[in-house]
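Take each task first, then follow the solution step by step.

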Amino acid sequence: MRETSIKVHAIIAMVISLVSFSLMIASLVVMLTETPVDEGVSRSFALWVFGMIVAYFSLIFYFVDAVLSVIKIFLKIHPAFNAVLAIMLIGAIPMALFVGGGLGINIYIWNAYYLAIFVLEIVSIVKHVKLNSSKSNVI
């Protein structure tokens, strides 16, 4: 558990991201199968809005991980990787506000960026666990 305790924020953010991805996929499926509504909000749009709200919530946890990545840069722990991760995570906030909330191609740009963050976090957790396991083997 010690190996992943510092990455708890990233793990929580990734679980929330999975919920957001699920809502986005559900929105796409419903959009392809639903009939247009005359009044109110369509189900696909509602799912998309909920997916974006959930994504915004995950950014809180990703931001905490970005701060921890900046600290790791100064500690010389995978500085290049942590710099890229921190830039991506901090950049996600304006990206979500100005691109993710838009319609059209912006939805795809946001989801690709969000997926890239998700993949980088997986790599970050793997690197963190390997680093800690190699330290515990030395001691």
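**Exercise 1.** Which element gives the largest share of the nonpolar patch?

*Solution.* 
Step 1. Before starting, note that this is a predicted model, in which local features need pLDDT of at least 70, side-chain atom pairs count only at pLDDT 80 or more, and totals for chains, interfaces and linings use all residues. Residues are numbered from 1 along each chain as its sequence is written, and side-chain values use heavy atoms, with hydrogens and water left out.
Step 2. List the members: Tyr56, Phe63, Val67, Val70, Ile71, Phe74, Leu75, Ile90, Ile93, Leu97 and Phe98 make a nonpolar surface patch of about 1100 Å². (A patch takes residues with over 30% relative accessible area and no salt bridge; nonpolar side chains, meaning Val, Leu, Ile, Met, Phe, Trp and Tyr, are joined within 5 Å, and like charges within 9 Å.)
Step 3. Sort them by element: α2 and α3 (79-100) each give two or more residues. With six residues, α2 gives the largest share.

**Exercise 2.** Are Leu75 and Leu97 buried or exposed?

*Solution.* 
Step 1. Leu75 sits in the loop between α2 and α3. Its relative accessible area is 55%, so Leu75 is exposed.
Step 2. Leu97 belongs to helix α3. At 54% relative accessible area, Leu97 is exposed too.

**Exercise 3.** Why does Ser69 count as buried, and which residues does Ser69 touch?

*Solution.* 
Step 1. Find Ser69 in helix α2 (residues 43-74).
Step 2. Ser69 counts as buried because its relative accessibility is 1%.
Step 3. Leaving aside residues up to four places away in sequence, Ser69 touches Asn82, Leu85 and Ala86; a contact means heavy atoms within 4.5 Å.

**Exercise 4.** How many salt bridges does a search of the whole structure find?

*Solution.* 
Step 1. Recall the idea: side chains of opposite charge can pair when their charged atoms come close. Here a salt bridge is a side-chain nitrogen of Lys or Arg within 4 Å of a carboxyl oxygen of Asp or Glu.
Step 2. The search finds two. One joins Lys7 to Asp65, with the closest N and O atoms 3.0 Å apart. Lys7 lies in the segment before α1 (8-33) and Asp65 in helix α2, so this pair ties together parts 58 residues apart in sequence.
Step 3. Lys7 also meets Glu121 in a salt bridge, at 3.8 Å from N to O. That pair links distant parts of the chain, since Glu121 is in helix α4 (residues 105-138), 114 residues from Lys7.

**Exercise 5.** What does the secondary structure of the protein chain come to?

*Solution.* 
Step 1. Count four helices and zero strands, running α-α-α-α from the N terminus. (Helices are DSSP runs of H or I of at least four residues, strands runs of E of at least two, numbered from the N terminus.)
Step 2. Along the principal axes, the C-alpha atoms fill a box of roughly 65 × 25 × 20 Å.
Step 3. Of the 139 residues, 37% are buried.

Methods:
Buried means under 20% relative accessible area, exposed over 50%, partly exposed in between (1.4 Å probe, protein chains only). Accessible areas come from the Shrake-Rupley method with a 1.4 Å probe; for residues, only the protein chains shown count as cover.
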